[in-house]
Amino acid sequence: MFFRALIWRPLRNDWGRTLLSLLAIALGVAVVIALRVANRGAIASFQRTTSALAGDADLLVSGPQPLPAALLPRLFPLNSQAEFFPYLDRRAYDPRARDTLHLLGLDLLASTIAPAGKTPLPATGHPAILLAAAYAAAHGLKLGDPLTLSIGGEPHTFQIAALLPASPLAPPDLALLDLPDALAAFEPNAPPTRGGRGPRRPAAKRSADLGPWGPQVGASMPPRAVPAGRLTSGTRAGGALGPAPITFDGLRVRLAPGANPQALSVALRPLVPAADTIAPPRARLQQDTQMLAAFRANLQALAYVSLLVGIFLIYNTVSISVVRRRTAIATLRALGATRAALLRLFLLEGAVLSLLGGALGLLFGWLLAASAMALVQRTINNLYAASAPAPATLVPADALWALGLALGAGLFAALGPARAASRTAPAQALRPGTAESEVRTRALSSALVAAALALAAVLCAYLPEPGAAAGGISVPWFGFASALLAVLAAAALAPPLLALLLPRLRRALWRQRGDALRANRRPLPASRRHSGAGLPGIEARTPSDHRERPTQKVASHLRRALGLLGMAAGSLAGALRRSAVLIAALATAIAVTFGVAIMVGSFRQTVTTWIGQQLQGDVFVRAADWDRTRPAPLAPALLAAVAATPGLAQLEASHSQAWSFRGQPTFLNTRWSLTPQAPRPEYQFLQGGPGPVLVSEPFARRFRLWPGDAFTLAGPKQTLRLTVAGVFYDYTSDRGLLVLDRPTFARAFGPPTITELGLVAAPGVTPSALRRRLERRLPHASSLAINDNASLRRQALAVFDQTFRITYALEFITLIVAILGVGNTLLAVVLERAPEFALLRFLGATRHQLGGLLLAESGLAATLALALGAPLGAVLSLILVRVINVQSFGWTIQFHPPYAFLAAAAALVWLATLLAGWLPAQAAQRQASASTLEAE
Amino acid sequence: MPAPAPLVRAESVAKRYGSGDAATWALRQVSLEVAPGEFLALMGRSGCGKTTLLNLLGAMDLPSSGRVLLQGADTSQLDDHALTLLRRRAVGFVFQAFHLLPTLSVRENIEVPLLLAGLPAGRLAPEMAARVELSAKLDAFPHQLSGGEMQRVALARALIHQPALIVADEPTGNLDTHSASLVIALLARLAREQGAAVVMATHSHEAARHADRILHLQDGALVSAS
């Protein structure tokens with residue numbers, strides 16, 4: 001009964017306010033759920049890629065660079081335990097569709113594929129490709145169509161031999177090639193593998209080995225050439241082997257019945273030293289998950305900020321309930337209600353609000369998930385590795401998580417006000433102002449708590465990241481804790497700060513108003529006074545007095561405005577508990593927006609400056625299917641064509657590849673001049689200087705290798721003992737980059753291939769002119785990415801902005817939640833202060849003045865929140881830049897606050913908050929009446 | 001010498017709340033005049049229509065029929081804004097429950113009518129506070145005052161803009177006898193000094209003793225005058 005009377009009915013009667021509360025909570029929960037689903041989708045997309053590759057394999061053997069086919073004979077002793085299936089795992093660019101395909105080169109003859117009942121496709125001379133049906137549908141391709149892909153800067157045409165059905169385990173950008181065809185396309189420098197050198201085999205029935213992606217619209221494979229000396233898939237190791245240059249990206253291993261995977265892994269390790277991964281497919285997924293850990297944690301942390309703001313708002317909603325129902329609470333206490341009963345009652349209000357909000361949040365989260373998924377996937381593609389997005393689906397665990405999270409947050413937020421309600425002394429509760437005076441007396445202890453929290457925030461900022469094994473990607477838990485503690489410190493500081501500030505502000509405004517009055521006083525003649533016996537100084541007015549001079553009119557408006565502001569300050573000071581929470585919530589949202597904006601703005605400026613220093617060339621050439629993890633080498637013929645281009649002054653070659661260092665994925669790079677005085681990258685050194693061995697900052701931080709430190713680099717050719725000469729700033733990858741000079745690289749890895757070219761135009765030739773010449777002259781230019789310096793910078797910054805779009809979206813939602821909270825609180829203020837507004841109407845306030853008072857309160861609240869939030873934002877940006885970013889990604893960011901953006905954001909927040917007060921102001925104007933006061 | 005024009009005139013004023021079967025007549029055909037500077041007491045049982053009549057005379061509400069002329073202006077003919085300006089200029093209110101703004105100090109509470117009118121305050125609030133014997137409490141807040149003190153602040157607030165009419169609704173209803181007599185004496189004296197008329201609803205014969213004229217209301221109608 002009490003619940004119905006004290007909680008349910010008021011919630012239902014104030015349905016507008018209740019809806020705003022629910023919306024605020026729902027948005028907080030929705031963001032968390034959407035990010036949870038998106039993060040799971042990101043993992044699922046990697047999982048799909050792994051599943052597509054693994055098929056029914058029990059183990060995957062792979063290394064940071066291709067495995068030589070020559071190792072296969074060494075596996076002969078293991079024949080009885082397993083079958084070994086080599087594969088290529090690459091990406092190819094489709095210039096027609098301007099899209100990228102994930103290409104797997106597998107031995108499709110390893111088992112029979114059965115496109116039953118289909119007529120064999122006519123042999124066109126092109127190798128067969130099995131294409132994901134989704135990709136074909138998206139780009140208007142059908143069975144039998146030719147498909148030209150750009151591989152290593154060269155066009156390669158295939159015939160679509162089968163369409164792979166949509167499958168939860170197969171990515172929609174998947175394409176399969178028979179291994180010899182894949183080798184021919186991706187390893188152009190290898191000896192020819194087809195063209196009649198091997199026996200032609202008739203089409204075979206096939207389907208089983210494709211596992212999850214057996215053809216949907218099947219067709220018989222056209223006859224194909226078997227490469228000379230190819231490793232017959234499915235044969236035991238030690239079968240016929242081809243020439244040495246043939247390499248594979250890895251081996252799929254299918255265990256014989258009864259074979260022990262652990263024992264086989266141990267046995268394989270010395271036989272395949274170039275492999276850094278010999279593990280079940282799920283272990284590869286764990287690696288991917290680990291790689292994304294910091295990124296996911298950072299996004300999730302941002303999402304939880306919305307929920308934190310939501311917690312402030314639940315606190316405020318329940319607080320307002322307690323304040324508004326003080327009389328009822330006192331009556332219940334007088335009638336014998338226990339403290340525990342009241343505590344339960346208001347906790348229940350928090351629970352009801354949060355559960356309803358959580359359920360709504362789940363729905364919103366589901367709606368937001370697809371957009372979040374797209375943004376997250378794009379960011380992951382930019383930062384880590386390309387993978388096709390997996391569908392964003394909600395699972396029952398999400399519902400439990402949303403409701404549990406909302407309930408936990410709701411109960412936590414409601415605890416304070418519920419305890420206040422339970423401690424209400426009946427006699428005191430009937431006197432206005434008591435609750436607020438309690439807050440004032442607690443200001444000192446609140447200030448002490450704020451100081452303690454701030455100190456803890458500083459301590460956390462200086463603690464090293466927990467559990468960061470050398471080389472591992474760490475999640476900066478202490479950094480997050482530091483940011484959270486800073487926010488809580490600011491929230492704890494809000495009540496004492498406002499208790500100190502607001503009364504002084506009120507007095508100052510009132511005094512200013514008085515000064516404005518004195519300057520514009522116009523004594524009225526005695527005849528115009530209302531009564532001859534008036535008080536000294538009284539200037540009673542008649543209607544004719546309203547015909548004021550313009551200066552007096554301005555002064556009159558100024559007096560009113562200052563007076564209303566003073567009253568607004570008084571109102572905020574009078575309801576300090578509510579005002580403090582409201583302002584703290586808004587300040588938190590502002591602080592996070594400012595903090596992230598400063599971080600992103602600084603990062604952008606740092607990257608812009610860095611790109612300017614890095615890109616010394618005028619034009620850059622690489623394959624259109626360039627992939628950071630497996631960059632395709634450029635064909636030698638292309639190099640000759642580039643070198644012969646008129647207008648070229650200098651040429652630099654670059655080789656990049658993925659590499660595994662101490663079991664962790666990193667990147668390797670070497671550059672060398674192809675002409676005298678070729679452009680050299682001007683590294684900006686964090687420590688040390690130029691030398692044969694340089695490491696990027698993330699590499700140095702991950703592996704704790706600084707100038708003068710020695711380390712061992714185990715290359716396929718030779719193991720070298722190297723010493724770091726310098727650590728340079730680098731923002732290309734958080735996995736780290738090891739740069740070797742060419743001789744050192746060659747000693748460890750053999751002669752480098754060219755994966756990129758940097759060109760300098762001759763005097764008088766503009767970079768864009770040189771680019772256009774290259775586009776005209778180079779064969780298969782559409783299979784190449786030819787960029788001039790300016791367009792590459794633009795592209796880099798576009799990728800940067802795309803990467804942080806999800807961050808901006810999260811900030812925006814957090815601000816919306818906070819602004820909804822302002823509207824909600826002010827609406828409650830209108831209901832709570834109806835008698836006060838009615839009184840003001842008695843005293844001569846116009847309806848507009850009542851609205852103005854509410855707007856003055858929301859404007860003042862926004863100003864105070866900005867005053868508190870902006871410095872807190874600066875502190876958060878420090879934590880983000882100096883602690884969280886360094887611990888998550890290993891990047892040093894120079895401070896470049898985007899002042900214009902911050903000013904615009906501040907103005908926008910201020911206006912939006914003012915607007916949030918508009919609706920309550922309208923309500924205040926409508927409801928103030930004589931009867932309201934009489935009812936009191 | 002002709003009699004001065006009445007400050008307030010109610011002509012056959014009636015007030016109905018609700019409509020149809022649920023309609024209740026709070027006032028029926030009430031006519032009266034209040035002269036400038038006159039102190040009028042309204043007496044009657046609870047629910048007899050005293051507060052309704054006060055609201056009509058003070059331009060806080062409009063009659064269902066009949067008309068109220070305040071300073072010659074027909075309140076029924078004025079829009080909300082004009083009514084507000086009329087009330088702001090010509091009327092001061094005192095309530096049984098004081099109704100001070102809890103977030104403002106004594107000085108600021110007294111100054112509120114001037115603030116709303118955009119009028120200068122100068123030293124008026126301290127002077128008014130002195131007149132109601134609250135100089136020492138200028139910076140205190142309502143919750144720090146006794147009931148009598150709160151009502152004296154309300155009195156100062158009602159008088160600071162020198163209104164022609166003071167509407168007092170049971171001003172001593174929440175006060176002890178001593179405070180009540182202090183407040184009512186103060187109201188009568190200050191109104192007289194300012195030349196303001198007072199219309200006061202009260203149950204107290206002691207309070208009504210200060211009035212020049214007493215009207216009795218019963219079931220929404222005037223039944224006698226004394």
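This note comments on a predicted model with chains A and B, point by point.

1. Confidence. The structure is a predicted model, and its scores are ipTM 0.72 and pTM 0.70. In chain B the mean pLDDT is 88, with 97% of residues at 70 or more. Among the elements of chain B, the highest mean pLDDT, 95, belongs to strand β8 (residues 197-201), and the lowest, 82, to strand β10 (residues 221-225).

2. Overall build of chain A. The chain holds 26 helices and 22 strands. Of its 936 residues, 57% are buried. When contacts between residues at least 6 apart in sequence are considered, 83% of them join residues at least 24 apart.

3. The largest nonpolar core. This core has 193 residues. The residues with the most contacts inside it come from both chains: Phe346(A), Val376(A), Leu502(A), Leu840(A), Leu876(A), Leu32(B) and Leu165(B). Helix α15(A) gives the most to this core, contributing 23 residues. Apart from it lies another core, of 47 residues, which includes Leu134(B), Ala154(B), Ala180(B) and Met200(B).

4. Leaving out residues up to four places away in sequence, Leu840(A) touches Met567(A), Ala845(A), Leu850(A) and Leu853(A) in its own chain, and Leu101(B), Val112(B) and Leu116(B) in chain B.

5. Ala580(A) in helix α15. This residue belongs to helix α15 of chain A, which covers residues 576-614. Is Ala580(A) buried or exposed? Its relative accessible area is 3%, so Ala580(A) counts as buried, the cut-off being under 20%. Beyond its neighbours within four places in sequence, Ala580(A) is in contact with Ala494(A), Pro495(A) and Leu498(A). Ala499(A) is 81 residues away from Ala580(A) in sequence, yet their C-alpha atoms are 8.9 Å apart in space.

6. A nonpolar patch on the surface. Leu363(A), Trp366(A), Leu367(A) and Leu394(A) make a nonpolar surface patch of about 390 Å². One of these residues, Leu367(A), lies in helix α8 of chain A, residues 339-383. Leu367(A) is classed as exposed because its relative accessible area, 53%, is over 50%.

Key. Residues numbered from 1 in each chain as written. Chains lettered and ligands numbered in written order. Predicted model: local features only at pLDDT ≥ 70, side-chain atom pairs only at ≥ 80, totals over all residues. Heavy atoms only, no water. Helix = DSSP H or I, 4+ residues; strand = E, 2+ residues; numbered from the N terminus. Buried < 20%, exposed > 50% of the residue type's maximum accessible area, 1.4 Å probe, protein only. Contact = heavy atoms within 4.5 Å. Core = buried A, V, L, I, M, F, W, Y, C linked by side-chain atoms within 4.5 Å. pLDDT = per-residue confidence, 0-100. Patch = residues over 30% accessible without salt bridge, like charges linked within 9 Å, V, L, I, M, F, W, Y side chains within 5 Å. Areas by Shrake-Rupley, 256 points an atom, 1.4 Å probe, with all protein chains shown as cover. Salt bridge = Lys/Arg side-chain N within 4 Å of Asp/Glu carboxyl O.
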